Amino acid sequence: KPVPDLISFRAYAKLIHDGHDEFRPRMNDVLDRLSRTAPNDSSVLSALARREVQKGTPTALDKATQYLNRAVKSDHSGAEDFLLLAQLDSRANKHAEAIEVLKRAMDRNPYSPEFAESIAAEYFKVGDYRNVFDVARRALELFPDDKRLRTLMNQVQSAMLDGLSSSHSP
């Protein structure tokens with residue numbers, strides 16, 4: 001009896017994750033079949049997105065974003081899918097979209113500091129220091145030892161102080 005493609009795909013993905021890259025061609029063959037037979041499976045969409053990201057072309061990155069947008073609608077998508085989608089949105093200067101993706105992810109898993117860190121970083125990129133400060137302050141209540149959040153908060157405080165001092169200069 002043949003092994004179902006989804007089982008083979010997950011086994012190959014685990015092997016590749018563990019350093020056995022020689023299984024990548026087999027996994028890609030199975031992934032191609034799954035893209036036709038299980039086109040809405042979140043793990044398939046995630047793998048298709050990652051394969052497109054590896055290509056690195058603007059068209060491939062757009063395609064990866066489309067796959068991930070579909071994947072994160074599933075209850076089975078992982079944190080890494082949300083983070084990658086937000087990174088792709090951010091690279092495309094779609095910061096508002098990146099923030100929304102990260103907020104949805106944080107709603108699903110409020111005890112993961114990566115989402116708060118990434119939201120604060122996105123706000124920092126667009127110069128929205130008030131929201132950086134608010135996100136970092138709330139997250140530091142849950143994750144008091146988070147160095148990235150603490151660094152962002154310090155950078156915001158410095159930027160805000162620099163802004164105040166330069167606005168009062170002659």
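Student: Why are Arg137 and Asp134 in helix α8 (residues 129-142) said to be separated by about one helical turn?

Tutor: Arg137 and Asp134 are three residues apart in that helix, and therefore about one helical turn separates them. A helix here is a DSSP run (H or I, at least four residues), numbered from the N terminus. This is a predicted model, in which local features need pLDDT of at least 70, side-chain atom pairs count only at pLDDT 80 or more, and totals for chains, interfaces and linings use all residues. Residues are numbered from 1 along each chain as its sequence is written, and side-chain values use heavy atoms, leaving out hydrogens and water.

Student: What makes Arg137 and Asp134 a salt bridge?

Tutor: The term requires a side-chain nitrogen of Lys or Arg within 4 Å of a carboxyl oxygen of Asp or Glu. The closest N and O atoms of Arg137 and Asp134 are 3.7 Å apart, so the pair meets the definition.

Student: Which parts of the chain does the pair of Asp5 and Arg33 link?

Tutor: Asp5 and Arg33 form a salt bridge, their closest N and O atoms being 3.0 Å apart. The pair links distant parts of the chain, with Asp5 in helix α1 (residues 5-17) and Arg33 in helix α2 (residues 24-37), 28 residues apart.

Student: What makes the arrangement of α6 and α7 roughly parallel or roughly antiparallel?

Tutor: Angles under 35 degrees count as roughly parallel, over 145 as roughly antiparallel, 65 to 115 as roughly perpendicular, and the rest as oblique. Angles run from 0 to 180 degrees between N-to-C directions, and axes are lines fitted to C-alpha atoms, for helices over the stretch in contact. The axes of α6 (residues 95-108) and α7 (residues 113-125) come within 9 Å and cross at roughly 160°. The two helices are therefore roughly antiparallel to each other.
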